[in-house]
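Please consult the sequence and the coordinates alongside the text.

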Amino acid sequence: MEDRKIRVLVAKPGLDGHDRGVKVVARGLRDAGMEVIYTGLHQTPQQVAETALQEDVDVVGLSVLSGAHMTLVPKIKELLIENDLKDVLLLVGGIVPEDDAKKLMADGHADRIFTPGDSIDSITAYIFDWFKQKAES
Amino acid sequence: MDLEKLERIKELKEVWEKELEDLKERCEPAETVSGQPVKILYTPLDTENLDYESDLGFPGRYPYTRGVQPNMYRGRLWTMRQFSGFGDAYDSNRRYRYLLEQGQTGLSVAFDMPTLMGYDSDSDRSLGEVGRCGVAIDSLEDMEILFDQIPLDQVTTSMTINGPAAILWCMYLATAEKQGISLDKVGGTIQNDILKEYIAQKSWIFPPEPSMRLITDIFEFATDHVPKWNTISISGYHIREAGSTAVQELAFTLADGFAYVEAGINAGLDVDRFAPRLSFFFNSHIDFFEEICKYRAARRIWARRMKEKYGAKDPRSLKMRFHTQTAGCSLTAQEPENNIVRTAYEALSAVLGGTQSLHTNSMDEVLALPSEKAVKIALRTQQVLAYETGVANTIDPLAGSYFIEAVTDKMEAEAEKYFKRIDELGGVLPAIDQGFFQQEIADAAYEFQKAVDRGEQVLVGVNRYRTDEPMELEILKIDPEVERKQLERLKRLKENRDGDKVTACLEELKRCAAASDNLIPKILDAVRAYATEGEITATLKEVFGEYREKPLF
């Protein structure tokens with residue numbers, strides 16, 4: 001794979017308007033050299049999947065702080081698969097209780113969940129590692 | 001202080017500064033959590049220009065720097081008001097009655113996301129969100145259940161609702177009517193602050209112009225019919241939670257406040273008729289002294305501008321009354337018990353700053369909605385503060401401190417600089433449209449996070465003294481059954497109500513929305529006929545349209 005910028009869609013599905021975290025992460029990823037597209041607020045799962053397709057992204061990062069993650073995340077994963085985007089890395093950030101996070105990952109609905117206290121660096125490092133491994137495989 | 005004494009102090013200070021040169025300093029920067037540098041010592045040289053009468057005055061007297069009541073907490077303690085709501089109306093009604101039994105003195109309703117955004121529980125947009133972030137309210141029926149056995153002439157209720165504030169307020173008023181209580185006996189607060197929604201909290205429905213109209217309709221209706229109601233709670237809380245600094249919180253909130261005053265005046269209302277019912281809501285963050293100065297500066301700025309710029313004459317128009325909530329964003333998911341301590345310090349600064357009511361966060365709020373145990377500790381934190389520590393005995397006890405007065409002055413001056421910039425952008429609404437506030441806040445939030453990641457901003461248990469021990473804390477789980485039960489009840493309601501009456505009310509509402517009538521009586525009629533929140537919102541959207549934000553980061 002050529003040396004190109006990683007493309008990331010940062011999305012805010014659902015109704016909650018808590019966008020502090022999503023904007024900080026978007027900026028952190030951009031400053032780390034990634035190409036970042038931010039959807040803005042109040043996106044439906046369909047809108048998220050469509051934007052991911054149109055923008056041809058490598059990574060989708062979802063921010064959910066409303067407690068609706070167990071509904072929204074599996075729905076978006078399903079729509080990504082339907083749109084032939086099953087290889088896109090799906091990350092989630094927000095207020096996600098540990099049991100829910102384990103379940104989302106075990107069921108294959110998300111690749112990794114980041115929660116309060118995780119640094120920007122830990123997120124960028126995770127994405128870079130994944131991208132490198134993908135390029136090598 | 002005479003010049004000779006000041007000269008002497010200057011000399012002594014130079015000697016002391018010499019001594020400092022050989023001493024080592026800790027590596028953490030000497031600045032507030034907002035990144036404002038602070039000196040390590042303040043002296044009379046920092047308050048040279050302070051004039052007691054014009055800058056501080058007496059409590060209950062202009063410019064109200066020392067508090068809005070002459071006797072402050074010697075008369076009545078602050079209202080202990082825990083923000084709460086989850087699941088359906090039955091679940092939250094049980095929690096409210098529990099809190100009242102535990103000695104809480106007022107209620108504060110948290111609604112779920114669909115309610116905040118004007119959707120019914122059966123909307124596609126509500127899937128998975130019903131009862132999660134707060135209580136699900138679709139119609140008057142839910143509101144009646146929410147306040148079952150809670151007499152609305154004996155408690156005051158604060159409702160955090162903005163875009164659809166008029167609708168939820170009408171449901172509350174109709175519930176009071178059903179309890180046989182006349183509206184002039186009903187007291188409470190609706191947040192109703194749409195400007196900070198565009199700026200920070202982001203739960204909006206309609207575009208600015210019709211939103212501002214609904215707000216002034218509420219001002220007018222309340223003045224005539226619900227005189228004990230606080231018609232708006234102009235909020236800095238969410239601006240701060242979104243990442244602003246203390247000065248930004250202060251300046252943006254007050255700028256919003258003045259924008260509402262101007263809207264009221266432009267709608268033809270006399271400033272002294274509606275301004276006495278305006279109230280405020282601030283954050284209490286972890287930087288102890290900075291917060292105290294913020295509250296003192298806020299009162300003084302409000303009083304001065306209301307008097308000098310807007311010509312208010314009624315002292316009640318000049319008094320800034322405010323609610324405070326401790327900072328959710330200062331809490332950590334790691335070692336959540338530490339949050340009890342953070343919250344206690346934050347509560348103390350709110351009280352030393354003269355708040356009228358207070359919510360203390362529960363230790364588990366960074367993880368989920370609070371459990372009953374956690375919320376009880378949070379309430380007890382306030383009770384210990386009020387009854388054991390003695391801090392409520394003396395009014396504004398930190399006044400006269402060189403540090404407190406110097407920083408209070410500085411915050412006022414910094415806020416004035418922001419007011420000037422906002423004016424240059426054409427006012428609050430044009431500044432929102434240009435993304436000014438949003439960008440300022442996003443920048444501050446990013447700077448803060450980078451400081452945390454670098455370890456300069458210390459968070460105990462996160463980037464210092466981290467242990468990664470497994471957490472043992474029971475958290476509140478919302479039963480997925482809530483959504484199903486709520487949908488069933490809504491379906492039954494729609495089958496059993498008088499559908500023709502609902503349609504007629506909504507048509508009348510639509511007609512008036514397109515004209516310029518006060519909409520509150522029409523919304524009240526629709527609510528009484530059990531039209532749902534979603535139906536009323538959809539009707540208004542047909543006339544008003546919807547707000548869209550340009551995303552930026």
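In which helix of chain B is Leu540(B) found? Leu540(B) is found in helix α23, which covers residues 533–544 of chain B. The model is a predicted one.

**Leu540(B) and its surroundings**

- Leu540(B) counts as buried because its relative accessibility is 1%, and the cut-off for buried residues is under 20% relative accessible area.
- When neighbours within four places in sequence are left aside, Leu540(B) is in contact with Phe206(B), Leu509(B), Ala513(B), Leu519(B) and Gly545(B).
- Between Leu540(B) and Met113(B), the separation is 427 residues in sequence and 19 Å in space, taken from C-alpha to C-alpha.

**Chain B as a whole**

- Chain B contains 23 helices and nine strands.
- With a radius of gyration of 24 Å, close to the 24 Å that the globule rule gives for 553 residues, chain B is as compact as a globular protein of that length.
- The C-alpha trace of chain B spans about 85 × 60 × 45 Å along its principal axes.
- Of the 553 residues in chain B, 60% are buried.
- Among contacts in chain B with a separation of 6 or more, 78% are between residues 24 or more positions apart.
- Chain B exposes about 22,900 Å², and 50% of this area is supplied by carbon and sulfur atoms.

- The size of an interface is often given as the accessible area lost when the parts come together.
- Chain A and chain B bury about 3,000 Å² between them, with carbon and sulfur atoms giving 58% of that area.
- Leu15(A), Arg20(A) and Arg27(A) supply 27% of the area that chain A buries against chain B, more than any other three residues.
- Chain A contributes 36 residues to the contact, and chain B contributes 41 residues.
- Three salt bridges are found by the rule across the interface of chain A and chain B.
- A salt bridge joins Lys477(B) to Asp99(A), with the closest N and O atoms 3.8 Å apart.

**Nonpolar patch on the surface**

- Ile286(B), Val341(B) and Tyr345(B) form a nonpolar surface patch, and together they have about 260 Å² of accessible area.
- Ile286(B) lies in the loop between β7 (278–284) and α13 (288–308) of chain B.
- The relative accessible area of Ile286(B) is 32%, so this residue is partly exposed.

Notes: Residues are numbered from 1 along each chain as its sequence is written. Chains are lettered from A and ligands numbered from 1 in the order in which they are written. This is a predicted model: local features need pLDDT of at least 70, side-chain atom pairs count only at pLDDT 80 or more; totals for chains, interfaces and linings use all residues. Side-chain values use heavy atoms; hydrogens and water are left out. Patches are made of residues with over 30% relative accessible area and no salt bridge: like charges are joined within 9 Å, nonpolar side chains (Val, Leu, Ile, Met, Phe, Trp, Tyr) within 5 Å. Accessible areas come from the Shrake-Rupley method with a 1.4 Å probe; for residues, only the protein chains shown count as cover. A salt bridge is a side-chain nitrogen of Lys or Arg within 4 Å of a carboxyl oxygen of Asp or Glu. Helices (H or I, at least four residues) and strands (E, at least two) are DSSP runs, numbered from the N terminus. Buried means under 20% relative accessible area, exposed over 50%, partly exposed in between (1.4 Å probe, protein chains only). The radius of gyration is taken over C-alpha atoms; the globule rule is 2.2 Å times the number of residues to the power 0.38. Contact means heavy atoms within 4.5 Å. Buried area is the accessible area (1.4 Å probe) that two parts lose on being put together, summed over both.
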